[in-house]
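Trainee: Hi, I have a model open and could use a hand reading it. Can we go through it together?

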Amino acid sequence: MDVSMPVPTSVWQPGSLEEAWSLKKELDGVSQFIAGGTLMQMQREQGVVFPPHLISLEQLRELADIEETVDGSIRIGALTDLETCRTHLLVKKMCPSLSEAIGTIASPAVRNRGTIGGNILYGIGDAIPILLAMDARLSWFCENGIRSEWLSDYVNRQESLEEGAILTDITIPSLVKGHCFFRKIGRRETFIPSIVTVAMYMEMADQNVIRSIRIVAGGGVNTPRRLRGCEEMLVGKQLTDDLLSALSIKIKEESALIGDVFASANYRRTVAANLLLTELQSVR
Ligand SMILES: Cc1cc2nc3c(=O)[nH]c(=O)nc-3n(C[C@H](O)[C@H](O)[C@H](O)COP(=O)(O)OP(=O)(O)OC[C@H]3O[C@@H](n4cnc5c(N)ncnc54)[C@H](O)[C@@H]3O)c2cc1C
């Protein structure tokens, strides 16, 4: 074969989840799902070659809506574009920090095409930290129907629940009682990859005691992760100066953020600790 000739790519447009699933099985090893295509196009420009078959999920319009469920959770279809998520009234009302986080992703043009599902499957997408802090769950269309799991389990594993599984939706539990916080630091205000991203969800009991808390740090090439050791340090405690000093050290250790050409590990860990501590100080 002449290696200088690009391999033509066929694009399939299944009309149902079942059809998309069967196509993926049939074209096993030579195909990939594509949603908005923004990440894949960027990867292609960086030299990643498309497989011979792309299975577009664009026709699966049932995966592109946002609704409130009977228990007060919000269900977001994985194919919902980022701009619709950002501006949706339910998201703005019930999880404004998610709307804020999505507003830091790329530009309006990318957000109009890119999907929330694609952002999660990116592995380092900027929607992940706040979704982790909000304890989101993922649902997948698999061999034996829909299966769901915690987003935190997915990020630790970094692969779909089952080979060829299709991410169908993201569910955020009702968060009416708590306080959410998100912050992305880049080298400029917008249209920039993150250097550090942190997020937090916290519920207080009486006398300023922390009832429950979820803390997340990521940024750059670092997969966002829950800092469970830090969380354990805080539950059932009041936020004293001594506790916050100890927490600062623990965040730097446990986040284990690594450096790259844009920022050193020490810079990232210090910024993550400072952002989280500043927020905790403001709510005590
Ligand atoms: C100029 C530019 C700037 C960007 N800036 C940012 C930024 O600041 N922050 C950020 O987080 N991201 C950024 N991105 C990355 C990307 O645009 C977003 O993460 C976007 O949300 C990806 O969604 P998509 O639908 O386009 O994914 P796609 O490119 O279609 O797919 C991404 C991956 O997910 C898989 N996939 C997608 N949907 C499903 C599904 N439902 N089930 C199974 N597999 C699926 C695909 O096979 C592929 O592997 C940027 C991209 C560009 C081009």
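Trainee: What stands opposite W12?
Mentor: W12 faces I55, which sits in β3. This is a predicted model, where local features need pLDDT of at least 70, side-chain atom pairs count only at pLDDT 80 or more, and totals for chains, interfaces and linings use all residues. Residues are numbered from 1 along each chain as its sequence is written.

Trainee: How many bridges join β1 to β3?
Mentor: There are 3 bridges between β1 and β3 (residues 53-56), and the two run parallel. Strands are DSSP runs of E, at least two residues, and helices are runs of H or I, at least four residues, both numbered from the N terminus. Two strands pair if DSSP finds at least two bridges between them.

Trainee: What is the strand order in that sheet?
Mentor: The open sheet has 3 strands, in the order β1-β3-β2, with parallel pairing. Because β1 (10-12) and β2 (31-34) each have a single partner strand, they stand at the edges, and one side of each has no neighbour in the sheet. Neighbouring strands are turned by 25° against each other on average, direction ignored, with axes being lines fitted to C-alpha atoms.

Trainee: Switching to the whole protein, how many helices and strands are there?
Mentor: The protein has 12 helices and 12 strands.

Trainee: And what share of the residues is buried?
Mentor: Of the 284 residues, 39% count as buried, meaning 20 or more other C-beta atoms, placed from the backbone, lie within 10 Å of the residue's own.

Trainee: Last one: what box do the C-alpha atoms fill?
Mentor: Roughly 65 × 45 × 30 Å, taken along the principal axes.

Key: A residue is buried if 20 or more other C-beta atoms lie within 10 Å of its own, exposed if 12 or fewer, and partly exposed in between; C-beta atoms are placed from the backbone. Axes are lines fitted to C-alpha atoms, for helices over the stretch in contact, and angles run from 0 to 180 degrees between N-to-C directions.
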